[in-house]
Amino acid sequence: MTKDSRGRNRSGAVRAAGRHGIRASMVGAVLVGAAVVATSTACGVDLRDRECTSNEYPVQAVGPEGGGQCVTKGKEPPAGTVRYPKGQEPKRVGDKWDLYWQDHGLDANGKLIKK
């Protein structure tokens, strides 16, 4: 047996097992992290912020300045807002339609207004 830094008796087998246990924990943590990344990528998880929750849809304020909000599905848009044209709704922050509507607005009838 050997003595540790505090003068206690330690066997070489215990010291080796302790180092191995730490190394195994680190390897396990790395593997778990890699599995999470692979799973989210394989499942098509998009980590960008959504414009609205799954039970809402986006609407835009009337006028050239635009601005948006989310409305509960099944409810009409509030006064002063209109639905986006079908197929042109922003889904995620920074997506194609989110960027497009930063430079475009809608009138009260849903007609396009260029800013």
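Analyst: In this predicted model, W101 has a relative accessibility of 4% and therefore counts as buried, the cut-off being under 20%. Y84 is likewise buried, with a relative accessible area of 10%. The rings of these two residues, Y84 and W101, have their centres 5.3 Å apart and their planes at 55°, so the pair is tilted. Y84 belongs to the loop between β5 and α2, and W101 to the loop between α2 and β6 (104-106), so their pairing ties together parts that are 17 residues apart in sequence.

A further pair is formed by W97 and Y100, whose ring centres are 5.2 Å apart and whose planes stand at 80°, so this pair is edge-to-face. W97 and Y100 are three residues apart in helix α2 and are thus separated by about one helical turn. Y100 counts as partly exposed, at 26% relative accessibility. The structure holds three aromatic pairs, and Y84, W97, Y100 and W101 form one aromatic cluster.

The nonpolar core comes next. The largest one has five residues, namely V82, Y84, W97, W101 and L106. Leaving aside residues up to four places away in sequence, W97 touches G87, Q88, E89 and P90.

Helix α2 (residues 96-100) also holds D98. D98 is buried, with a relative accessible area of 14%. A polar atom of the D98 side chain lies 2.7 Å from the backbone nitrogen of G94. With residues up to four places away in sequence not counted, D98 touches E51, P90, R92 and V93.

Strand β3 (residues 56-61) is joined to β4 by five bridges, and the two run antiparallel. Within this pairing, Y57 stands opposite V71 in β4, and E56 stands opposite T72 in β4. The hairpin of β3 and β4 has six residues between the strands, and G63 there takes a positive phi near 120°.

How values were computed. Residues are numbered from 1 along each chain as its sequence is written. This is a predicted model: local features need pLDDT of at least 70, side-chain atom pairs count only at pLDDT 80 or more; totals for chains, interfaces and linings use all residues. Side-chain values use heavy atoms; hydrogens and water are left out. Two strands pair if DSSP finds at least two bridges between them. Helices (H or I, at least four residues) and strands (E, at least two) are DSSP runs, numbered from the N terminus. A nonpolar core is a set of buried Ala, Val, Leu, Ile, Met, Phe, Trp, Tyr and Cys residues joined through side-chain atoms within 4.5 Å. Buried means under 20% relative accessible area, exposed over 50%, partly exposed in between (1.4 Å probe, protein chains only). Contact means heavy atoms within 4.5 Å. A polar contact is a pair of N or O atoms within 3.5 Å; within protein, one must be able to donate a hydrogen and the other to accept it, and residues adjacent in sequence count only if both atoms are side-chain atoms. Rings of Phe, Tyr and Trp (its six-membered ring) pair if their centres lie within 6.5 Å; planes under 30 degrees apart count as stacked, over 60 as edge-to-face and the rest as tilted.
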